[in-house]
Amino acid sequence: RDRDDRRSERDVERLKQLARRLASKAVKSGETITMRKELNSFERRVVHLELSEFEGVETESTGDGAMKKIIIVPVASEE
């Protein structure tokens with residue numbers, strides 16, 4: 001089993017805060033942002049779920065293997 005999947009609540013909360021901060025930056029700038037840190041599947045799931053309800057962005061994973069990066073893409077609002 002992968003022990004990296006066990007994160008403290010504080011680590012998970014920090015990851016969520018980082019995701020929200022980068023999503024806000026993407027919305028304000030209109031530019032795509034790539035998270036610098038490579039994330040395991042658990043961490044990527046946390047970020048994707050956190051930003052799934054965030055207005056104005058979509059997320060996707062990129063890279064090969066178990067560790068991948070997340071791209072945060074601003075999208076036009078549907079009004």
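This note sets out, in numbered points, the main features of the structure above.

1. Basis of the note. The model is predicted: local features need pLDDT of at least 70, side-chain atom pairs count only at pLDDT 80 or more, and totals for chains, interfaces and linings use all residues. Residues are numbered from 1 along each chain as its sequence is written, and side-chain values use heavy atoms, with hydrogens and water left out.

2. Overall make-up. The chain contains two helices and three strands, where helices (H or I, at least four residues) and strands (E, at least two) are DSSP runs numbered from the N terminus. Read from the N terminus, these elements follow the order α-β-α-β-β.

3. Surface and contacts. Of the 79 residues, 25% count as buried; buried means under 20% relative accessible area, exposed over 50%, and partly exposed in between (1.4 Å probe, protein chains only). The chain exposes about 5900 Å², of which carbon and sulfur atoms supply 43%; such areas come from the Shrake-Rupley method with a 1.4 Å probe, and for residues only the protein chains shown count as cover. Among contacts (heavy atoms within 4.5 Å) with a separation of 6 or more, 59% join residues 24 or more positions apart.

4. The sheet. Three strands form an open sheet in the order β1-β3-β2, with antiparallel pairing. Two strands are taken to pair if DSSP finds at least two bridges between them. The edge strands, each pairing on one side only, are β1 (33-34) and β2 (57-62). β1 and β3 are joined by two bridges, and T34 has I71 of β3 as its bridge partner. Six bridges link β2 and β3, with S61 opposite I70 in β3. The hairpin of β2 and β3 has six residues between the strands, and in this hairpin G63 adopts a positive phi near 120°.

5. Helices on the sheet. The helix α1 packs on the sheet and touches β1, β2 and β3; its direction makes about 40° with that of β3. The helix α2 also packs on the sheet, touching β2 and β3, and its direction makes about 165° with that of β2. For these angles, axes are lines fitted to C-alpha atoms, for helices over the stretch in contact, and the values run from 0 to 180 degrees between N-to-C directions.

6. The nonpolar core. Such a core is a set of buried Ala, Val, Leu, Ile, Met, Phe, Trp, Tyr and Cys residues joined through side-chain atoms within 4.5 Å. The largest one has 15 residues, and the members touching the most others are L15, M35, L39, V47, L51, I70 and I72. At least two residues come from each of α1 (9-29), α2 (41-52) and β3 (69-74); α1 gives the most, with six.

7. L39 lies in the loop between β1 and α2 and is buried because its relative accessibility is 0%. Beyond its neighbours within four places in sequence, L39 is in contact with L15, R44, V47, A66, M67, K68 and I70. L39 and K69, 30 residues apart in sequence, are 6.0 Å apart in space, C-alpha to C-alpha. L51, not counting residues up to four places away in sequence, touches A19, R20, A23, V57, T59 and I72.

8. A buried glutamate. E43 belongs to helix α2 and counts as buried because its relative accessible area is 5%. The side chains of E43 and K37 make a polar contact of 3.3 Å. A polar contact is a pair of N or O atoms within 3.5 Å; within protein, one must be able to donate a hydrogen and the other to accept it, and residues adjacent in sequence count only if both atoms are side-chain atoms.
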